[in-house]
Amino acid sequence: MRRLRNQFIDIISFQNAAGYFAAITFFVSLFSLLIDPKIGVLTSDMLDGGRWWNAGLFVFHLLSPAEIQAGTFMPWIFLIFYTYLVFSVGKILEEDMGSLRFNLFLFSLMFLITIGGVLSLYYPLFVETKMIYDCLLLALAIRMPNLEFFIIPIRMKWIGIALFVYLFWERGDEVRMFNSGLPWAGLFFGFSSLILFFGRDILGSKIREHKTSTWKAKQSEVFTIHKCYVCGATEATDPLLEFRYCVDCEDKEYCENHLHNHAHS
């Protein structure tokens, strides 16, 4: 069993998986632009007709039929941009996570997006291929929040927050349109790999922030011996202030300003 596990790890740990994924996506999308716009497009007719192999190409088909039939240069720009995006972001994540963990993340993402795309034919889940690219960007924002990835000097955490807000805002329109919560389920399903692989990073960062803030708060506290029961003054707030205990009060200390000017208890 251990030998089989090691062999599986060796197979799945190959390098530059994002580069291969980007190259296949480019050529499949290019084929759909130039030859067959239906390749990699999921329809219930294709699945009922036995063309299940088309589902295997779904994650590599970046452009929608409407974008392909538009006949403008915009599909080409999107294709080049997204191909470069997945290659460069994937390379950074692979160096940070290691080939094995990144490949498992990418393959699970591809598998779940494919399942979600098939289910979206029958339910309004709206699981699309572009979720892969959204997940890669969000993963980079989680792992390297201070990285300035684009030419514009914007940190990845702000790009991730803006993308997250936009996706939820866009999904809200679909929820209202269909009067159903299934589009929310589709968004959760599409991002399930992101939650599985990086949920601990998100939770861990919050715990670290809380511990850091608590530690700083404790460090900022100054140890004092005297404190006025009325105004709260200490020798730290006023080193020249004198403090005395009142003989008529039970174990209460006052500053010189309130020693003879307080209600006895």
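This is a predicted model: local features need pLDDT of at least 70, side-chain atom pairs count only at pLDDT 80 or more; totals for chains, interfaces and linings use all residues.
The search returned zero. C228 illustrates the reason. The closest cysteine sulfur to that of C228 belongs to C231, at 3.6 Å. A disulfide requires two cysteine sulfur atoms within 2.5 Å. The C228 sulfur is therefore too far from that of C231 for a bond. C255 is likewise in no disulfide. For C255, the nearest cysteine sulfur is that of C228, 3.7 Å away.

C228 has a relative accessibility of 3%. The limit for a buried residue is under 20%, so C228 counts as buried. C255 has a relative accessibility of 1%, and therefore C255 counts as buried too.

Attention turns to S108. This serine sits in helix α7, which spans residues 99–119.

The side chain of S108 faces two backbone oxygens. A polar atom of the S108 side chain lies 3.0 Å from the backbone oxygen of L104. For the backbone oxygen of F105, the distance to a polar atom of the S108 side chain is 2.9 Å. Contacts farther along the chain were also examined. With neighbours within four places in sequence set aside, S108 is in contact with S193 and F197.

How values were computed: Residues are numbered from 1 along each chain as its sequence is written. Side-chain values use heavy atoms; hydrogens and water are left out. Buried means under 20% relative accessible area, exposed over 50%, partly exposed in between (1.4 Å probe, protein chains only). Helices (H or I, at least four residues) and strands (E, at least two) are DSSP runs, numbered from the N terminus. A polar contact is a pair of N or O atoms within 3.5 Å; within protein, one must be able to donate a hydrogen and the other to accept it, and residues adjacent in sequence count only if both atoms are side-chain atoms. Contact means heavy atoms within 4.5 Å.
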